[in-house]
Amino acid sequence: MRCDRYEQDLTAGAAGGAITPDLEAHLEGCVSCRERLAEKRALLESVDQVLRMDLDVEPSPALRNRVITRVAEMERERRRIVPGVAAAALAAGLIIVLVAGAWARRRSSTPLESSAVAISPGFPVRDAVTPETHEPLLIPSTPRPLVAATPLVVQTGSRPAVARPASVREPEVLVPPGQEAALQRFVAVLRDGSVPPPPLLLSGASLESLIAPIPLIKIPALETKPLADSVDSPERSPS
Amino acid sequence: MNEAAAPLTGRLVSDTPLDREFEERLTEASTLAFRVAYGVLRQREDAEDVAQEAAVRAYRGFTSLRNRDQFRSWLVRIAWRLALDRRKSERRRGVRELKASTTSPVPPNAEELAAGRQTEKRVWAAVDDLPEKLRIVVVLSAIEGHGMREVAALLGLAEGTVKSRLHEARRRLLERLQCVVTGTNRT
């Protein structure tokens, strides 16, 4: 039946879509399709009526009170929970701070790197200087209360020493070679506190005497020669 | 949001400007939220539960709402989402649907009443089968005589998009209901 091909167009038209020119022309001459279109529109109108009537409902007056009650309960609960949560958070924070402090103290008991700042007076200078290897001399400190410092691997002999408990001794100090006496004087003056510490460099000493001249590197002169003028060179385009 | 919960004297929670504003906006939009929930659940008690929960959630998030002029559309979307979730949850639990309440006019005889109920049931079954984004357009356009512009504002869409979706929804409804009317089996 030739009207079947217009079924989808009729449905689209009834649903609010545009009527195609082809369909419009067909409707002018087809009573059956006009009736079909009217039926579809009536069906949709009944759908609209059902929806409008069913959705034209009012909530009960108690709904508002239910909302108020629920919100009030929520606020009371929030006020009850918040102080407890704050107290718990504060306690947790204190615990974290205490643990972190204890951990930091334990870590600071390990031997220092060369940046250590703890200085103990009266320590003996080791005579095990190794100028051949130019290893820095380590001056062990006497047992004193803890001083915080960065970690360090202590070289005693040929192997690192085990870090001592923080409560027993201070971290040890790396001393550059040849500076142990100067550092000893420096520390002694600091302990005393009455005389400004002398400069580590002796008065009148010049840096040149302390610093070995840097040998110049002799760079041999380069011999240059022009490239061979060859027609096979890839850089040259054929003339 | 408020400092102290006031007794139930007719105001929401307290007399702060924020709470007063919330109450005013809720009063204006709560019926719409209820009707949107009813459009999904078609049970008055369930729709009120959803509307209540939507209002509570809106209260919680009211201070963080960037544009409070969009409170109405925001509340509608909350209610819609909660209603759909509740319906899915009930279906998963296998809760048998209670008889749907209706405000259709009472026909003069039992046969017409039965026919009316049957039509109503078919219509809502067809609406429930629509994809979600088409379904909400149908429901909103049937509530309170909303036009394209109002529906577009509630959903935050362009009018052209709403018109297109409404046309597609009505086309699908027509195909589905025509099959029912003519007796053709269609899944």
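A: Start with the order of elements. Along its sequence, chain A runs α-α-α-α-β-β-β-β-α-α. Helices (H or I, at least four residues) and strands (E, at least two) are DSSP runs, numbered from the N terminus. Chain A has six helices and four strands. This is a predicted model: local features need pLDDT of at least 70, side-chain atom pairs count only at pLDDT 80 or more, and totals for chains, interfaces and linings use all residues. Residues are numbered from 1 along each chain as its sequence is written, chains are lettered from A and ligands numbered from 1 in the order in which they are written, and side-chain values use heavy atoms, with hydrogens and water left out.

Q: How should I read confidence, and what is the mean pLDDT of chain B?

A: pLDDT is the predictor's confidence in each residue, from 0 to 100. Chain B averages 82, and 80% of its residues reach 70 or more. Two stretches need care. pLDDT stays under 50 over residues 1-10 of chain B. It also stays under 50 over residues 99-103 of chain B. For the complex, the predictor gives an ipTM of 0.81 and a pTM of 0.57.

Q: What is a nonpolar core, and which residues have the most contacts inside the largest one?

A: In soluble globular proteins, nonpolar side chains tend to be buried together. A core here is a set of buried Ala, Val, Leu, Ile, Met, Phe, Trp, Tyr and Cys residues joined through side-chain atoms within 4.5 Å. Buried means under 20% relative accessible area (1.4 Å probe, protein chains only). The largest core has 74 residues, and Leu51(A), Phe71(B), Leu75(B) and Leu140(B) have the most contacts inside it. Helix H1 (residues 17-41) of chain B gives the most to this core, 11 residues. Beyond four places in sequence, the contacts (heavy atoms within 4.5 Å) of Phe71(B) include Phe22(B), Leu26(B) and Phe62(B).

Q: How many salt bridges link chain B and chain A?

A: Look for a side-chain nitrogen of Lys or Arg within 4 Å of a carboxyl oxygen of Asp or Glu. The count between chain B and chain A is six. One salt bridge joins Arg35(B) and Glu58(A), with the closest N and O atoms 2.6 Å apart. H2(B) gives the most to the side of chain B that touches chain A, with nine residues.

Q: How many residues are in contact across the two chains?

A: 46 residues of chain B are in contact with 38 of chain A.

Notes: Buried < 20%, exposed > 50% of the residue type's maximum accessible area, 1.4 Å probe, protein only.
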